[in-house]
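Me: I've got a two-chain model open and would like to go through it with you. Could you take my questions as they come?

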Amino acid sequence: MSRQSVTPVITALAALGAGIGVLAIGLAASGYDPILGLGALGRGAFGSWYNFTSATLVRAVPLILLGLGVALAFRAGALNVGAEGQFYAGAIVATWVGIHVAGWPSALAIGAVWGAAAVAGVLWIALPVLLKVRFGVLEVISTLLLNFVAEAAVSYAVTGPLQEAKRIYPQSDPIAAAARLPLLPGSRLHGGILLTVLLAAALWFLFTRTRWGFRLKAVGLGPEAARVSGRIPVKRVIAGALLWSGALAGLGGGVEISGVTYTLFQNLSPGYGFTAIAVALLARLHPLGIVATGILFGAIEAGAQGMQREAGVPAVAVQVAEATIILAVLLAEVLARRSAARTVRAEDPA
Amino acid sequence: MTGEVVALTGFVAAAIRISTPLLLAATGEMLNERAGVINLGVEGAMLAGALASAMGAAAGGPWAGALLAVAAGVLVAGVFAAVAIGARADQIISGTAITLGSVGLTGAIYRTAFGPGGPGLSLPTFSAVPIPGLFEVPVLGPSLFNQPALTYLAWLLVPMAWWFLFRSWWGLALRATGESKDAARASGVPVRRVQVLATLTGGALSGLAGATLVLAQVGTFAEKMTAGRGFIAIAIVVLGRWHPAGILLAALLFGAANALQFAFQAMRLSVPYQLFLVLPYGLTLLALAGAVGKAKAPAGLGK
């Protein structure tokens with residue numbers, strides 16, 4: 001492998017080490033046994049074939065889908081931090097469609113659920129896109145605010161129009177059997193994993209081999225340069241990136257409904273939209289890398305549950321590790337830039 | 001007093017109470033944005049301040065809680081400053097990470113300290129301090145001049161921030177830093193130090209905002225209790241056009257939108273309550289669309 005492709009892997013491993021190190025120190029400082037805690041985390045994620053497929057990979061699927069969505073927008077320099085909201089928009093619509101496709105052929109039912117979910121994600125991000133293009137409102141703020149609106153929408157849906165027929169719990173009725181994804185025998189892992197791998201491969205091709213991918217990158221590196229060069233419609237590229245990003249996050253919500261829960265309820269997502277930012281950054285926005293980092297973060301989140309069960313450590317503690325990983329990646333990028341600048345100066349003593 | 005006056009007084013009092021933490025956090029965020037630093041870790045600093053104030057108040061009363069909250073806010077902003085200003089990493093992403101980490105850390109500390117179920121704490125809180133004389137004014141008296149001490153402090157900060165920004169040398173240095181770091185540096189401003197100090201001050205005010213939430217409103221701590229108020233504070237900075245008085249108005253508008261919820265509930269209208277939950281966010285988005293075109297952010301923001 002060339003030096004260029006080895007360095008990001010080393011950086012990612014170092015960042016992962018930093019995250020686990022901070023978690024271990026935090027566990028020790030709050031009176032837990034760090035060896036026991038981390039051991040429980042490892043067992044929860046990789047302890048058995050069932051844990052790996054049904055806990056780790058099941059959590060990895062939404063993280064990869066949302067991570068791909070985040071990466072698509074970030075590549076164009078557009079910071080979509082509203083994947084959580086788009087995920088919920090997708091989940092709401094997927095549930096509604098899923099309930100109404102009883103009796104359809106399965107492939108058609110699943111296609112309808114996924115398609116509707118992706119469209120819902122696009123619609124959910126359409127307002128921030130409009131605000132950005134038309135009024136110059138920072139997409140960071142608008143997409144973030146809409147996360148809270150989406151959570152309120154779920155709360156309304158499951159106590160109002162989508163509430164179960166029995167009207168007891170704040171949740172929807174389960175979707176029709178036709179709209180449910182096939183499972184890997186003996187596990188809870190569903191067919192959505194194939195979709196994520198296919199989409200990752202497709203995005204890798206689009207990013208690296210097409211004019212569209214080149215334009216995204218050019219706009220992301222410097223919208224000013226891309227504009228001045230005159231060949232790239234910057235606003236349209238950014239708007240397109242954000243809309244597709246919303247489609248992927250919405251699809252993530254649809255896949256979660258059709259593959260995992262079959263019903264809609266509040267707190268369906270344990271913060272997938274935010275973790276997905278870490279997933280995308282750790283992979284440096286590389287689609288195939290996101291498959292790896294998505295599985296890694298799926299393992300951390302699955303392990304967190306194991307840690308809570310076995311060692312009594314609150315599962316939320318792993319968010320500290322995730323934050324540390326993001327910060328470590330940022331710092332590593334700064335160091336890399338500085339050393340690159342030094343190399344250039346050393347080679348060109350002008 | 002007639003029913004309408006009582007209702008109006010209650011509404012104004014609620015609007016002011018709800019706007020206070022937003023005013024504190026937004027004033028802090030304005031200071032660092034004026035210095036060119038956008039800190040999305042406000043939410044995290046608020047949350048850390050909320051937890052610290054609960055722990056401090058449980059141990060040594062509300063003022064101890066407020067002090068500990070300021071310290072916690074400064075600490076969280078310090079981590080952000082080290083990464084985003086010290087190492088010049090991307091501000092938006094580091095801020096997001098700081099908030100993510102704070103959610104995890106406060107949740108873990110809370111559950112470890114108070115047990116997994118998270119029973120409601122009963123904390124000593126700030127009681128309302130009526131201002132003699134002014135308290136007698138109808139409507140405004142019992143709403144505006146019968147507030148906890150932290151509310152008065154938040155309102156006092158508005159003219160203080162204005163004087164600091166527009167009448168003091170350090171305020172000039174801070175604004176210069178936010179417009180162009182290079183130009184400020186060339187005229188002898190210690191750019192890094194200004195940015196770090198502004199960010200730490202922002203953190204202190206965010207921590208205090210968290211304390212207000214716990215010690216002057218809710219009276220207990222709950223995980224993720226800030227519920228996006230830190231991000232709303234950032235929107236309020238934009239809405240208030242980076243000006244202390246504008247921010248006061250924007251924060252009040254927000255408080256009023258939220259207080260409508262209680263007013264409408266009292267009227268027993270058959271509208272789903274979630275509509276009132278989203279009203280402030282929707283209003284902010286609308287207002288941003290209207291405000292941004294005319295307002296001008298500091299030229300060096302986020303760079």
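Me: Where does A:A109 lie?
Reply: A:A109 is in helix α5 of chain A, residues 106-135. Helices here are DSSP runs of H or I with at least four residues, strands are runs of E with at least two, and both are numbered from the N terminus. A word on the source: this is a predicted model, where local features need pLDDT of at least 70, side-chain atom pairs count only at pLDDT 80 or more, and totals for chains, interfaces and linings use all residues. Residues are numbered from 1 along each chain as its sequence is written, while chains are lettered from A and ligands numbered from 1 in the order in which they are written.

Me: Thanks! Is A:A109 buried or exposed?
Reply: Buried, because 23 other C-beta atoms lie within 10 Å of A:A109. The cut-offs are 20 or more other C-beta atoms within 10 Å for buried, 12 or fewer for exposed, and partly exposed in between, with C-beta atoms placed from the backbone.

Me: And which residues does A:A109 touch?
Reply: Leaving out residues up to four places away in sequence, A:A109 touches A:V101, A:W104, A:A176, A:A178 and A:A179. A contact means that the C-beta atoms, placed from the backbone, lie within 7 Å.

Me: How far is A:A109 from A:L27?
Reply: Their C-alpha atoms are separated by 46 Å, and the two residues are 82 apart along the chain.

Me: Now α2 of chain B. What span does that helix have?
Reply: Only 18 Å between the end C-alpha atoms of α2(B), residues 42-86, whereas a straight helix of 45 residues would span 66 Å. There is a bend of about 145° at B:G60, and a proline, B:P62, follows within four residues. That bend is the angle between axes fitted to the seven residues ending at a position and the seven starting there. α2(B) is also mostly covered, with 33 of its 45 residues buried.

Me: What comes just after α2(B)?
Reply: B:R88, with a positive phi of about 55°. B:R88 sits in the loop between α2 and α3 of chain B, and it counts as partly exposed because it has 15 C-beta neighbours inside 10 Å.

Me: What is the phi of A:R167?
Reply: Near 55°, a positive value in a residue other than glycine. A:R167 is in the loop between α6 (139-159) and α7 (192-209) of chain A. It is exposed, with 8 other C-beta atoms within 10 Å.

Me: Switching to the core: which residues touch the most other members?
Reply: A:A280 and B:I236, in the largest nonpolar core, which has 225 residues. α2(B) gives the most to this core, 25 residues. Such a core is a set of buried Ala, Val, Leu, Ile, Met, Phe, Trp, Tyr and Cys residues joined through C-beta atoms within 7 Å. Among the residues that B:I236 touches are B:L22, B:A26 and B:F254.

Me: How many residues of chain B are in contact with chain A?
Reply: 36 residues of chain B, and they meet 35 residues of chain A. On the chain B side, the elements giving two or more residues are α3 (91-114), α9 (229-239) and α11 (273-292). α3(B) supplies the largest share, 15 residues.

Me: What about the radius of gyration of chain B?
Reply: Chain B has 19 Å, which agrees with the value near 19 Å for a compact globule of 303 residues. The radius is taken over C-alpha atoms, and the globule rule is 2.2 Å times the number of residues to the power 0.38. Along its principal axes, the C-alpha trace of chain B spans about 65 × 45 × 40 Å.

Methods. Two residues are in contact if their C-beta atoms, placed from the backbone, lie within 7 Å. The expected span of a helix is 1.5 Å times one less than its number of residues.
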